[in-house]
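Today I opened a new model to look up its charged side-chain pairs.

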Amino acid sequence: MTNKNIDFTEFTEVSGTQITVDQLYRMNHRYSWVKDNLKESDEIIELCCGCGQGIQMLTDKVSKYYGTDITENLLNKAKNLNNEKASLSLSEANNYLKSFKGNSIDAVIILEAIYYFKSLNEIIINSKNILKEKGKLFICWPNPSFPGFHRSDYSFSYPTYDEIIEISKRNNLNVKKFFGFRKYKFSFKTSLKTKLKKIASKFNLIPSTMSAKIVLKKIFEGTMVKMPTNLDYININDGSLYELDKEDSSQPMVFYLILEK
């Protein structure tokens, strides 16, 4: 269960605020990946939907979207989008999942949020219970073995390749697709930034709030852009994702996983 008392507005990207070009690309990328793997008849749930930046892209494809978040400020931004296909609720994720009938949903989506749940097993079980046969669970999260990895504030755990495989088997879920995002070949500049970030993380020098992080990002990342209300679909058949196995599981920056019931 996530902490209901935290205002995640301070710890996540919010439409209208400044983000890096890379952050915007990665948001567009992960939502485009999900969209590519959905059907027009699907009814889907997004947990931790934030300010709803991915709602328009997903509802352009599916028949019904259900979303939830525990931060009212973020959810109000999502509600202001007035998307006719979207039904939004302020709720803790596990309680929200339990409000649905079993075998009633085609897909559950958890993008860059799985680490905010105290029990990974619990959220996966509750997701599985409401999925139809062959229903899918989409998860995207940072690889804790990647050089320069930094743990987000108020997070609980970042599963490794082995851990997520074990949890999937324990819950009788099939690993439909497991991808690594961007197997980087480091330039000197990228390598230097990664080393500096690792040092800053080790000595707790990375600020916790988004406003403070923006200052550092302007220094190290350069150009900043305003986060849009709605993300843009991109064609990701560009080699940015590759089939993952245990042998190279420490290499990708981010894990992309589809589990099937």
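**Salt bridges around E260**

I started with E260, which forms a salt bridge with K136, their closest N and O atoms lying 3.7 Å apart. I count a salt bridge when a side-chain nitrogen of Lys or Arg is within 4 Å of a carboxyl oxygen of Asp or Glu. E260 sits in strand β10 and K136 in strand β6, so this pair ties together parts 124 residues apart in sequence. Strands here are DSSP runs (E, at least two residues), numbered from the N terminus.

A note on the source: this is a predicted model, in which local features need pLDDT of at least 70 and side-chain atom pairs count only at pLDDT 80 or more, while totals for chains, interfaces and linings use all residues. Residues are numbered from 1 along each chain as its sequence is written, and side-chain values use heavy atoms, with hydrogens and water left out.

Next I looked up K176, whose side chain meets that of E260 in a salt bridge (3.9 Å, N to O). K176 belongs to strand β7 (residues 174–181) and E260 to strand β10, so the pair joins parts 84 residues apart in sequence.

Then I checked accessibility: is E260 buried or exposed? E260 is buried, at 7% relative accessible area, whereas K176 is partly exposed at 45%. My cut-offs were under 20% for buried, over 50% for exposed and in between for partly exposed (1.4 Å probe, protein chains only).

Last, I noted that K134, K136, K176 and E260 are linked in a network of salt bridges. The count by this rule comes to seven salt bridges.

Note on methods
Helices (H or I, at least four residues) and strands (E, at least two) are DSSP runs, numbered from the N terminus.
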